[in-house]
Amino acid sequence: MDFRKTVFVRSAAKMKDFPTDDQPRVVFVGRSNVGKSSTINQVVGKKGFARVSSMPGKTVFVNLFRVDDKGWLIDLPGYGYSKTSKEERERYSKLIEEYFAVDQENISRIYMIVDARHKPTADDVTMVTWVRHYGCPLTVVANKLDKLKKSEIEPNLARIRETLMLSEEDVLIPFSAEKGTNCDQLKADIQNAIEEN
Ligand code: GDP
């Protein structure tokens, strides 16, 4: 699979704008500013592809990409920005729940980006609860690994596993969107998710 053949299709604000075919979807979620756009850019090998946000929390649209004509990469808006209004938060929850409910059969895997430096937030835990509820396979990408000292890596990964209550089946990838660390592992995981369906 050639990730460089990823194309932006459209931004969606409502369910009717989501894909309706049955090609597999890989879905990217994460707190705003965690580096979700940078991660997607690193995977597709293009700078400035998914928008790198200068204004956290402003991505209210769901961005839809197609990967090498084989599947959809669905970039859900970042959550948990502190200045987001209550209305925006509710709109976000509604959109995500509606999306998971409607499309769960086509979702091959959820990619949840977290910050390798920090304990996952309450919003991250809520997101995992949704992922469990809809029975989607989960890969957690612990981004910004380059910001950790070597001695911090193992304990931080263990804290992420514990806080999100990850199981044996869940994949946890230590990652740096900035340096490209373990990008091959992430790409192989995404390729598997798309091709096994
Ligand atoms: P998004 O809001 O989740 O899409 O996050 P962005 O991709 O816009 O990144 C937010 C900020 O984190 C930007 O300033 C990025 O340059 C920075 N960033 C993203 N990934 C990494 C990483 O792996 N290492 C470091 N040091 N910074 C990163």
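Predicted model: local features only at pLDDT ≥ 70, side-chain atom pairs only at ≥ 80, totals over all residues.
Reader: Which residues come nearest to the ligand?
Author: The shell around the ligand holds 17 residues. Those that come nearest are N33, K36, S37, S38 and D146.

Reader: How do the residues of the shell around the ligand divide into nonpolar, polar and charged?
Author: The shell around the ligand contains residues of each of these kinds. They divide into three nonpolar, eight polar and six charged.

Reader: What percentage of the area that the ligand exposes when taken alone does the protein bury?
Author: Taken alone, the ligand exposes 580 Å². Of that area, the protein buries 82%.

Reader: Why is α1 described as largely enclosed by the rest of the structure?
Author: The helix has nine residues, and the description follows from how many of them are buried. Buried here means under 20% relative accessible area. Because seven of the nine residues are buried, α1 is largely enclosed. The buried residues are K36, S37, T39, I40, N41, V43 and V44.

Reader: Which elements are included in what covers the buried residues of α1?
Author: The cover includes strands as well as a helix. The strands named are β1 (6-12), β2 (25-30), β4 (71-75), β5 (107-115) and β6 (138-143), and the helix is α5 (183-195).

Reader: Which residue follows α1, and what is its phi?
Author: The residue that follows the helix has a positive phi. It is G45, with a phi near 70 degrees.

Reader: Is K36 buried or exposed?
Author: K36 is found in helix α1. Its contacts beyond four places in sequence are with F28, V29, G30, D75, L76, P77, G78 and I113. With D75 there is also a polar contact between side chains, at 2.4 Å. At 8% relative accessibility, K36 counts as buried.

Reader: How far apart in space are L148 and E162, C-alpha to C-alpha?
Author: L148 lies in the loop between β6 and α4 (150-163) and is buried, with a relative accessible area of 13%. Leaving aside neighbours within four places in sequence, L148 is in contact with A116, R117, I153 and N156. L148 and E162 are 14 residues apart in sequence. In space, their C-alpha atoms are 19 Å apart.

Reader: What angle lies between the planes of F28 and Y111?
Author: A search of the whole structure finds seven aromatic pairs. One of them is formed by F28 and Y111, whose centres are 5.2 Å apart. The pair counts as stacked, and the angle between the planes is 20 degrees.

Reader: Which parts does the pair of F28 and Y111 tie together?
Author: Both F28 and Y111 are buried. Because F28 and Y111 lie in separate strands, the pair ties together parts that are 83 residues apart in sequence. These parts are strand β2, with F28, and strand β5, with Y111.

Reader: Which residues do ring pairs link into a cluster?
Author: The cluster is formed through ring pairs. Its members are F18, Y99, F100 and Y134.

Notes
Residues numbered from 1 in each chain as written. Heavy atoms only, no water. Near = heavy atom within 4 Å. Areas by Shrake-Rupley, 256 points an atom, 1.4 Å probe, with all protein chains shown as cover. Nonpolar A, V, L, I, M, F, W, Y, C, P; charged D, E, K, R; others polar. Buried < 20%, exposed > 50% of the residue type's maximum accessible area, 1.4 Å probe, protein only. Helix = DSSP H or I, 4+ residues; strand = E, 2+ residues; numbered from the N terminus. Contact = heavy atoms within 4.5 Å. Polar contact = N/O pair within 3.5 Å; in protein donor to acceptor, adjacent residues only side chain to side chain. Phe/Tyr/Trp six-rings, centres within 6.5 Å; stacked < 30°, edge-to-face > 60°.
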